[in-house]
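Here is a short report on one protein model. Look over the sequence and the fold, then read on.

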Amino acid sequence: MNNDQLNIAPPPFTDGIDRVDGRLKVTGAAKYSAEYDMPNMSYAVFALSTITKGTIKSIDTKAAERAPGVLAVITYLNAPKVPGYDTGGDPSKPPTGGGPLKFFVDNTVKYSGQPVAMVVADSFERATHAASLVKATYNKEEHQTDLTKNMAKAAAPKGNRGADYKRGNPEDWKTAAVKLEHEYVVPIDVHNPMELSALIAHWPADDKIVVYGKTQGVKSTQNAIAQAFKLPPDNVQVTAKFVGGAFGNALRTWPHEIATVAAAKLVKRPVKTVITRQMQFNTVGYRPYTWQKISMGATADGKLTGIIHEATGQTSSFEEFTEGTVNMTRFMYACPGVSTVYRIAPLDVNTPTWMRGPGEATGAFALESAIDELADQLGIDPIELRVINHADTDPENGKPFSSKNLKEAYQMGADKIGWKDRKAKPGTNMKDGWLVGYGLGTGVFGAGRGRATVKATMQADGVLLLQTSVTDIGVGTGTAMTQIASEIFTNVPVKKIRFELGDSSLPPSPTQGGSMITSTVGGAVHDACTALKQKFQQLIGNGGTDNPDYVKVLKDKNLPSLDVTITGSGSSELRNFSSYSYSVHFVQVKVHPTTGILKVSNVVSVADSGHIVSPKTARSQIIGGAIGGIGMALMEEGIMDHRYGRYVNADLANYHVPVHADIPQIDTLFVNKPDFKVNPMGAKGMGEIALIGMSAAVANAIYNATGKRIRELPITPDKLISKA
């Protein structure tokens, strides 16, 4: 049953409230992890390996140790023991605290730029100088960093992660009236947020740790550090009040963070580590280089008959990283025969990690490009082809969708961008000397609700205080939670609602990622506010108003405050449905026919993600994702010199990201139909779909403008003017 059948009208769509933390951010009052100050602060800087694979033959730290202000130089020869790393020689007991890679436990080098020494000094400048004095020699081994030359090493991930999928007869594509088979490549994309990875660690006692860190989950960081140092989680205090962008690179506790905590115990004073921009490329993950092949067939009238989607991505030699690259293909379109195959190849690189739109952003580039190619071969409008193959129920599992308004989203976006002006024949729309083209790409990501605990307190001064440990990586979580609370406590002014977050001592909340926080934490805020309001009604009695004067009630009852703590989670009913958020990105491009210079001239992004709780921050989410997708399509590429296994563009001068001049006005539209099966607000996630599908939309628009199909990102002018 969909929302139309339920006859549920969406709440009025207004601009909503301003960002509750906006003034703090624009005035510089917001304090980020590296900005905390402690008495007797010290600073850590790493010396990095100059080889990609091998062992350390010798390491000379004497000059560094004698340098001014140096407190310690840590290597594998003298590193303090991390209790969780000690498995007693039993390989069946993996070390605890972060991932499998550990710094300074032995002399092996697993990737270029791996830290081989950590210098702690009384100033950042002195630590930087001393780190430059560390000299190491190596037993160098042959390395492999090029996925294209190591495809034969690719294998299925262990367990059920990335298991092969099949329904019907996917090979029917081979006998279809119209068919295609093409390869698509997404290169390494690197998280480059404004805030670098940073952590301050301090041991106020031998069994207590205080940490200020850039993390997307203070509870997950708390647990990782507690495991590493064999302490009760409550003895580890983690604070992350503000995070300056993350995109996924702060989803886990990295080895340099554990090393910082260990160093702080060694030198017996606080230690601050802020990695360099170069280390941002090597130390905290990236979107992995991924090769894909799509085989697809359809009847002459556009009905899909078979799809085979194969993908191979890179991982590190010491850890399996997997993501949902092929998952979207399994359910996006009503095709009777579908097969997906996902493989990973171990290379001498650091482990990738989830990057905004993890896996699905990569997979959508291939799938949505292929759909566009098929539409061109069929002579069918790309929107029409998608509607012809629209899945009314989930073809992967047969379940109904909790809600799906994708057809409406297609129409909204087409009307807004002027799809009627698109020329069906590529390369025929010329205006003012520029080739003009239109393209679209569909995005999808799972929508659900996890488990979170929220404490809601009405104070004697009329302030409604909401507390949970969730972090906010810049998406406007505090604003959305305040908005949800204000819609329940309608007579409490917004300025009297406070949302406290980013502190591990607060009630538990999941890590921010996977487009789950508004649904999960917002649902818990809704439940806590509803329960608190009911508690007031019990105090007042049956004759009371639904919106009493809360300050007066507390005073009359001689109470300093009234509070409830509620743990909320998803309804068991949701298991009977498939639940997703959807996006449709429409793009207009201009391409100079001689130089190949590209301009994205118009963008319309439409989100079908339930009720829009906080419209202002939702627009920012969509705009930010669209910009990221444009960067993915046209600019971003971590380029590695495979002779040395080293990035040649590990800085923001040579790793290109969009700037203001690259981005046009972006129109954001919302279907805004609630899905109450997911949570009581009717909201679904938006962070991932803001980017998923955008790179394909850009590529499809470029094809429509030029008649050139580019299947390897990024799409740069040289690829458009080449004769190949």
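Is Phe 104 buried or exposed? Phe 104 is buried, because its relative accessible area is 10% and the cut-off for burial is under 20%. The model is predicted. The report returns to this residue below, after the overall picture.

## Overall build

The protein contains 17 helices and 26 strands. Its radius of gyration is 27 Å, close to the 27 Å that the globule rule gives for 724 residues, so the protein is as compact as a globular protein of that length. Along the principal axes, the C-alpha atoms fill a box of roughly 80 × 75 × 50 Å.

Burial comes next. Of the 724 residues, 59% are buried. The exposed surface comes to about 28400 Å². Carbon and sulfur atoms supply 51% of that surface.

Contacts reach along the chain. Take the contacts between residues at least 6 apart in sequence: 81% of them join residues at least 24 apart. As for charge, the protein has 76 positive and 69 negative charges.

Helix H9 covers residues 360-378. At 1.5 Å a residue, its 19 residues should span 27 Å; the end C-alpha atoms are 26 Å apart, which agrees. Of these 19 residues, 17 are buried, so H9 is largely enclosed by the rest of the structure. Gly 379 follows H9, with a positive phi near 75°.

Helix H13 covers residues 517-540. At 1.5 Å a residue, its 24 residues should span 34 Å, and the end C-alpha atoms are 34 Å apart, which agrees. A glycine follows here too: Gly 541 comes after H13, and its phi is positive, near 100°.

## Backbone exceptions

Most residues other than glycine have a negative phi, and most peptide bonds are trans. Some sites in this model depart from that pattern.

Phe 104 has a positive phi near 65° and is not a glycine. Phe 104 sits in the loop between strand E3 (70-74) and strand E4 (108-109).

Ser 515 has a positive phi as well, about 55°, although it is not a glycine. Its loop runs between strand E20 (497-500) and H13. Ser 515 is buried, with a relative accessible area of 15%.

The peptide bond between Leu 713 and Pro 714 is cis, with omega about -5°. Pro 714 belongs to the loop between helix H16 (694-706) and helix H17 (717-721).

Thr 325 lies in the loop between strand E14 (304-316) and helix H8 (327-331). At 2% relative accessibility, Thr 325 counts as buried. Leaving out residues up to four places away in sequence, Thr 325 touches Thr 290, Gln 292, His 309, Ala 311, Tyr 342, Gly 359, Thr 362 and Gly 363. Helix H9 spans residues 360-378, and Thr 362 and Gly 363 are among the residues that Thr 325 touches.

Ile 622 is part of helix H15 (residues 615-634). Its relative accessibility is 1%, so Ile 622 counts as buried. Beyond four places in sequence, Ile 622 touches Ser 605, Ala 607, Thr 668, Phe 670, Met 686 and Ala 690.

Tyr 43 is in strand E1 (residues 42-48). With residues up to four places away not counted, its contacts include Val 119, Val 120, Ala 121, Asp 122 and Lys 272.

Where is Ala 300 found? Ala 300 is in the loop between strand E13 (290-298) and E14. Ala 300 is exposed, with a relative accessible area of 58%. Apart from residues up to four places away in sequence, Ala 300 touches Ala 177 and Leu 378.

The table sets sequence separation beside spatial distance for pairs that involve three of these residues.

| Pair | Separation in sequence | C-alpha to C-alpha distance |
|---|---|---|
| Ile 622 and Glu 487 | 135 residues | 23 Å |
| Tyr 43 and Lys 272 | 229 residues | 4.8 Å |
| Ala 300 and Leu 378 | 78 residues | 6.8 Å |

Two of these pairs are also in contact: Tyr 43 touches Lys 272, and Ala 300 touches Leu 378.

Terms used
Residues numbered from 1 in each chain as written. Predicted model: local features only at pLDDT ≥ 70, side-chain atom pairs only at ≥ 80, totals over all residues. Heavy atoms only, no water. Helix = DSSP H or I, 4+ residues; strand = E, 2+ residues; numbered from the N terminus. Rg over C-alpha atoms; globule rule 2.2 N^0.38 Å. Buried < 20%, exposed > 50% of the residue type's maximum accessible area, 1.4 Å probe, protein only. Contact = heavy atoms within 4.5 Å. Areas by Shrake-Rupley, 256 points an atom, 1.4 Å probe, with all protein chains shown as cover. Lys, Arg positive; Asp, Glu negative; His and termini not counted. Charge placed at Lys NZ, Arg CZ, Asp CG, Glu CD. Expected span 1.5 Å × (residues − 1).
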